[in-house]
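Dear colleague,

Please find the structure below, together with its sequence. My findings follow it, and I would be grateful if you would read them with the model open.

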Amino acid sequence: MKNISPVVELIDVSKRFGKITAVGNVNFSLSKGAVLTILGPSGCGKTTLLRMIAGFESPTTGKIRINGKPVQAVPPYRRSIGMVFQNLALFPHMTAGENIAYPLKMRRFPPQDIPELVERYLGIVRLTGMEDRRIHQLSGGQQQRVAIARALSFNPDLLLLDEPLSALDKKLREEMQLEFRRIQQKIGVTTINVTHDQREALVMSDEIIVMADGVIQQSADPVSLYRQPSNKFVASFIGLTSLMKGTVDQIEGTTVKFNVNTTSLWGQTSSKFHIGESVEGAIRAEQVRVHTEQTRPVGMDNVLDGVVEEQIFEGDRMVYQIRCPALDSAPIFVFDHDPAHNVLHRRGDRVVLSWNIRDLLVYPD
Amino acid sequence: MSGFNDRVGTPLASAKQSSQFPVRWRILDAAERIAALIWPRSLYPYTGYLLLVPALLLVFVLVIGLVYIGGYSLHELDLSNYRLKESFSLTNYYTAFTSATYRTVLLRSIYASLLVTVITIFLAFPYAYLMVRARRAMTRKFLLISLFLPFFIGQIVRAYGWLIILGKEGLLNNIIGFFGFSPLKLIYNYPAVILGLVQYMLPFGVLLLAPAITAISRDVELASESLGAHWCRTFIHIVLPLAKPGLVGSSVVIFTLTLTDFAMPEILGGGTTDFIANSIYDGFFQLSNSGLGAALSMILVTLGTAFVVVIFSIAGTGTLGFSKGAE
């Protein structure tokens, strides 16, 4: 492997619209064949970032390199980038086959090769035989596949996905996530995906960048991102997380004791705190255990009394929303994965919550 | 259960307290009650047809007029008493097609209509495109207002405006004269009529093209670009085909409006560049030959209809958005 330079490289890229900073000092690089997801709430600048890479917008400051070459002066039609748009942007006056052949014609592939390539990519997205269908004759999922085939048929260096799955219903969306993963692995194309759907990010990516307010919050592989969120925003954006505010009371290495009113809680941190600093603890719903008064855990550090405020049945699990008088903050969410529902807690029941010290993550407030 | 019923209430029960409702609600409720007496619920499926009646009546009146004109056209003028003869004949049509004058007028009208349609679309497309795509709201507003201003002036006044600019003693000739050139004959000729008509038709062209261009998603153009097409190719392969409904609609409107135009050839042509409408006017009011005028009218109606039929049979009425699935 002689060529180890990254396929895409962003160096201090910023984009301002007037006084608004849409993207601020973004740095990342992506190696060949990897799938990167930029995850963030709407308006966080992720789409602007994608459009800059595609060449539809140019950065106010900073550099974008594709295959080691700066691309400021390269117009979109000269970049080797396939893009799948949020609304797919298929050409409604062409057939599925003509849509897939379009980039091949525009990029001057030898005409005799085009039918064969169209056939091949129709096969890859499992639409063999649909070549002559008009776009409006295809279902939503089939249109997705045509859009993906069109973006891939000319063998681009980079594939960009601008939330193309967001318009699909949940079942089809989850199916297409796996389908996309299959196609990506088969072709090995370097991919940048933009989404606000955390599940999609976790399922599809090798690496995830979480963005908020135009700034990268964290960049990590899906498992580390989920297990070790680097700040409060990431912790609350991914997974179902409950937050509790307090002040630092005692520090023992990476273990922190903080007080919420008169209650003391123990948690884990990677930040440096001083005594009396205000902090926020974050706990994932699946890390909290719920007990009754009879099974109250003894000798544990984080034990709280609460009352069931809401009981939400999600089929594969029960979600409890529990109000703890000791924490005058928002309620705490708890997943109960007991498939038989042996112990059901009803609205108004008194319960006891507990969790491990290492699962309560403490962040600066 | 009774508690639940109390909460929802029936319209009858709540009518007792209707005095508490805002005046606008009560007026609308009363109007609905009156409407229900006049047009009972059982007739609801026919409401659409009821609303169609006034428009159909208007069209029907037009058809009656057309039938009468068709009738006139079949009677020759009696030069002894300047009345139409009782007997039927095709003399008027024969005159219209064989007379060199009318043949010239016919061909001139058709040729001018094609020319004006092509020139106008050429000018209107970039205007409409920019108006739709401009990023700044100010630019869009400016383009839209400049488009609408001429509408408030009217065709006759605009034609006179051209006379002021292009006339023998007009603005342009004054400027030319200032530089020592002899005045040019800029009006009462064919190009002047075409210029006036193009200027008159431009807003129609833009307004009919704009919705078609709006319907093309910006992302579709960007997609084409990212797939390797320079904007020229994007325009030819994507924008033009997708703007077809607007192109067909505006061509039909501009062509038929030009074909039947009277004021521009009358004022800017000054009798040198008569269109069919001018000949019809002369037939009815100058020659007092309503038979010939009617025959020319029938020819004009037939020509216009034929054009529209040909365009729609080529492009398909689907391009007007009548049939679904055009998107």
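Predicted model: local features only at pLDDT ≥ 70, side-chain atom pairs only at ≥ 80, totals over all residues.

A:R173 belongs to helix α5 (residues 170-187) of chain A, while A:D197 sits in the loop between β8 (190-195) and α6 (198-204) of chain A, so the pair ties together parts that are 24 residues apart in sequence. Over all chains, the structure holds 24 salt bridges.

**Where the two chains meet**

How many salt bridges are there between chain B and chain A? The count is one. It is formed by A:R51 and B:D219, whose closest N and O atoms are 3.9 Å apart. Between the two chains there are also six residue pairs in polar contact.

On the side of chain B that touches chain A, two or more residues each come from α11 (218-226) and α12 (231-242) of chain B. The largest share, seven residues, is given by α11(B). Sorted by class, this side of chain B has eight nonpolar, eight polar and five charged residues.

Taken as a whole, the interface brings 21 residues of chain B into contact with 25 residues of chain A. The two chains bury about 2,000 Å² between them, and 63% of this area is on carbon and sulfur atoms.

Helix α10 of chain B covers residues 190-214. With 25 residues at 1.5 Å a residue it should span 36 Å, and the end C-alpha atoms are 35 Å apart, which agrees. At its N-terminal end, α10(B) is capped by B:N189, which places a side-chain oxygen 3.1 Å from the backbone nitrogen of B:A192. Further along, α10(B) has a kink of about 35° at B:M201, shortly before the proline B:P203.

Helix α4 of chain B (residues 47-72) has 26 residues. From first C-alpha to last, α4(B) reaches 39 Å, close to the 38 Å expected at 1.5 Å a residue. A bend of about 35° is found in α4(B) at B:V53, and the proline B:P54 follows within four residues.

Just after α16(B), B:G316 adopts a positive phi of about 85°.

Note on methods. Residues numbered from 1 in each chain as written. Chains lettered and ligands numbered in written order. Heavy atoms only, no water. Contact = heavy atoms within 4.5 Å. Buried area = accessible area lost by both parts, 1.4 Å probe. Salt bridge = Lys/Arg side-chain N within 4 Å of Asp/Glu carboxyl O. Polar contact = N/O pair within 3.5 Å; in protein donor to acceptor, adjacent residues only side chain to side chain. Nonpolar A, V, L, I, M, F, W, Y, C, P; charged D, E, K, R; others polar. Expected span 1.5 Å × (residues − 1). Bend = angle between axes of the 7 residues up to and from the residue.
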